[in-house]
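Please look over the sequence and the model before reading on.

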Amino acid sequence: MNVIILGSGTSTGVPMVGCHCRVCSSGDPLDKRTRASLLVEHAGRHILVDTSTDLRKQAIREGIPRVDAVLFTHPHADHIHGIDDLRGFHFLHQEVVPCFGDPETMAAIARKFAYIFEGHTGAGYAPLLAPQAVDGPFSLFGLEIVPIPLRHGQMRATGYRFGNIAYLTDCSRIPESSMGLLSGLEVLIIDALRYTPHPHHFNIPAALEVAGILRPGSTILTHLTHEVLHADESKLPPGVRFAYDGLRISSPI
């Protein structure tokens with residue numbers, strides 16, 4: 001199994017429009033962050049986590065040949081507004097692919113993008129996704145996927161565990177019942193927005209606190225704002241690093 005961090009940035013992306021801070025002005029390519037998303041490659045299949053606003057750019061950059069399933073974490077714009085970019089894959093493969101998320105997320109996406117699920121014959125749109133609400137572990141292409149209920153401020157969000165790798169983006173609290181689903185991780189990829197506090201996201205100190213409790217083999221901090229200079233990774237504790245666009249992780253599952 002291979003995991004690719006398609007996007008490591010927050011909702012504005014980095015650089016942020018109109019900003020000339022040291023991170024937005026940085027010449028380091030690792031400081032250029034598209035909106036948060038993930039790709040899991042397993043058994044020749046491609047599982048996309050969220051359809052970020054930058055999906056088209058990410059898919060071209062990584063040479064993604066197809067999408068066989070989509071997992072959604074929550075219905076915020078930066079995580080779903082690239083959904084129309086799935087049409088290109090449909091033109092090539094003529095497949096309606098399954099997508100998964102908690103019931104509230106799937107209902108919200110259906111309200112915003114009804115044509116993605118229902119099509120629109122008069123406008124030439126075919127259905128792209130077949131929605132399936134999930135509330136427990138399920139299997140895709142021989143890979144067990146464990147949804148991890150999270151709190152993102154006052155709303156619900158969902159992380160996912162794939163074998164010994166967990167992806168927990170957009171969260172400010174992990175319920176105790178979910179902590180039990182995260183034992184024995186090889187890699188923890190976790191929301192760590194910035195150094196300063198935020199009401200709806202873990203900041204870097206809070207994410208490090210979670211990592212200290214779970215004690216994964218390694219921790220990757222993602223969903224980063226322009227407060228975070230990649231070169232400052234050297235200041236992180238051992239076994240912890242910053243995510244960057246295109247980062248690849250391999251696991252025997």
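At the start of α4, which backbone nitrogen does a side-chain oxygen of D102 reach? In this predicted model, that oxygen comes to within 3.0 Å of the backbone nitrogen of E104.

**Helix α4**
- Helix α4 spans residues 103–112, and its buried residues include T105, M106, A108 and I109.
- These four lie on the same side of α4, because they cover an arc of only 160 degrees around the axis.
- An α-helix has 3.6 residues a turn, so residues three or four places apart point the same way.

**A cis peptide bond**
- Between V14 and P15 the peptide bond is cis, and its omega is near 5 degrees.
- P15 belongs to the loop that runs between β1 (2–7) and β2 (37–42).

**Positive phi at A43**
- A43 is not a glycine, yet its phi is positive, at about 50 degrees.
- The loop between β2 and β3 (45–49) holds A43.
- With a relative accessible area of 63%, A43 is exposed.

**Positive phi at D50**
- D50 is not a glycine either, and its phi is positive at about 75 degrees.
- D50 sits in the loop between β3 and α1 (55–62).
- Is D50 buried or exposed? Its relative accessibility is 0%, so D50 counts as buried, whereas A43 is exposed.

Methods
Residues numbered from 1 in each chain as written. Predicted model: local features only at pLDDT ≥ 70, side-chain atom pairs only at ≥ 80, totals over all residues. Heavy atoms only, no water. Buried < 20%, exposed > 50% of the residue type's maximum accessible area, 1.4 Å probe, protein only. Helix = DSSP H or I, 4+ residues; strand = E, 2+ residues; numbered from the N terminus. Arc of directions from axis to C-beta. Polar contact = N/O pair within 3.5 Å; in protein donor to acceptor, adjacent residues only side chain to side chain.
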